[in-house]
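Here are my notes on this one, written as numbered points. Have the viewer open while you read.

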Number of protein chains: 2
Amino acid sequence: MSITLRRDVRAGDPVVVRDITESTGFFYTEEVGTAVELVEERLAKGEASGYSFVFADDGGRTIGYACFGPIACTKVSFDLYWIAVHADGRGKGLGTILLDESERLIREAGGRRIYAETSSRPLYEPTRAFYLARGYREEARLAEFYGPGDAKVIYVKEV
Amino acid sequence: MSITLRRDVRAGDPVVVRDITESTGFFYTEEVGTAVELVEERLAKGEASGYSFVFADDGGRTIGYACFGPIACTKVSFDLYWIAVHADGRGKGLGTILLDESERLIREAGGRRIYAETSSRPLYEPTRAFYLARGYREEARLAEFYGPGDAKVIYVKEV
């Protein structure tokens with residue numbers, strides 16, 4: 001595996017993002033749709049969309065990506081909207097590579113606080129452990145946010 | 001004062017919303033711009049924008065408004081994005097009228113949890129008191145979210 005990171009967003013990336021997010025088994029259909037919408041908005045509006053991307057290409061195939069951007073009306077806060085690795089590419093540290101590169105780019109863009117949100121459902125235990133192991137701390141939980149018994153967990157990291 | 005509430009969004013409303021939000025002294029220029037963008041997006045995309053509005057008209061003049069919508073990827077959670085009354089119309093209970101009507105419409109649309117966010121700065125003490133007095137409870141604080149010493153306070157109410 002020889003990974004190349006790229007920031008430019010291409011016409012084929014909405015399909016790529018759909019394929020990656022669907023393969024993970026972590027996202028509802030509606031969430032996959034939202035992930036794809038952010039890529040489409042980026043293609044339509046460019047940087048003005050507020051969404052930046054990092055894609056991980058393994059040869060000709062894109063097997064993971066992250067999406068982040070500045071939070072409106074804040075000074076130095078950024079949201080990490082999505083980070084996902086294709087089921088075929090898991091267990092190889094790609095999530096960490098994508099997160100490290102996202103943090104570097106956020107810092108370069110003036111960001112100093114990164115927020116990541118996920119669900120409290122058991123399915124997301126690995127996701128929560130992933131953030132905690134990489135210097136994020138849990139700052140808040142919004143009970144029942146996503147649905148019954150399904151809280152939103154908000155992580156933050158200063159960079 | 002004879003107040004009429006309306007839900008339809010008109011071509012002149014971006015200017016109206018700019019005028020109202022600027023008059024309050026509560027919002028930064030960037031925030032006023034964001035408030036106006038939501039109206040423009042509603043005019044461009046209709047209900048598909050995800051933004052619903054209630055405007056309070058006093059005769060021919062619009063003197064307050066609220067903006068809310070469902071939160072993507074949640075079952076019954078709604079965001080109250082904006083609620084503002086023109087400086088000329090304050091102290092007459094218009095905020096409460098707008099909030100009551102927003103809550104009614106959210107419930108009608110299937111919403112059961114309403115989230116409202118504001119800043120921890122002293123300027124917003126009346127805003128925080130407004131929510132607390134109307135059945136909202138503080139669920140979380142994100143320290144330094146907006147800027148140094150400026151936390152995001154998240155309120156929630158079940159409806």
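1. Start where the chains meet: 18 residues of chain A are in contact with 18 residues of chain B, with contact meaning that the C-beta atoms, placed from the backbone, lie within 7 Å. Helix H2 (29-45) and strand E6 (137-147) of chain A each bring at least two residues to that side, and E6(A) gives the largest share, 7 residues. (Helices, H or I, need at least four residues and strands, E, at least two; both are DSSP runs numbered from the N terminus.)

2. What kinds of residues does chain A put there? The side that touches chain B divides into 8 nonpolar, 4 polar and 6 charged. Here Ala, Val, Leu, Ile, Met, Phe, Trp, Tyr, Cys and Pro count as nonpolar, Asp, Glu, Lys and Arg as charged, and the others, Gly among them, as polar.

3. Keep in mind that this is a predicted model, where local features need pLDDT of at least 70, side-chain atom pairs count only at pLDDT 80 or more, and totals for chains, interfaces and linings use all residues. Residues are numbered from 1 along each chain as its sequence is written, while chains are lettered from A and ligands numbered from 1 in the order in which they are written. Chain A averages a pLDDT of 96 (the predictor's confidence in each residue, from 0 to 100). The complex gets an ipTM of 0.91 and a pTM of 0.93.

Conventions
Contact = placed C-beta atoms within 7 Å.
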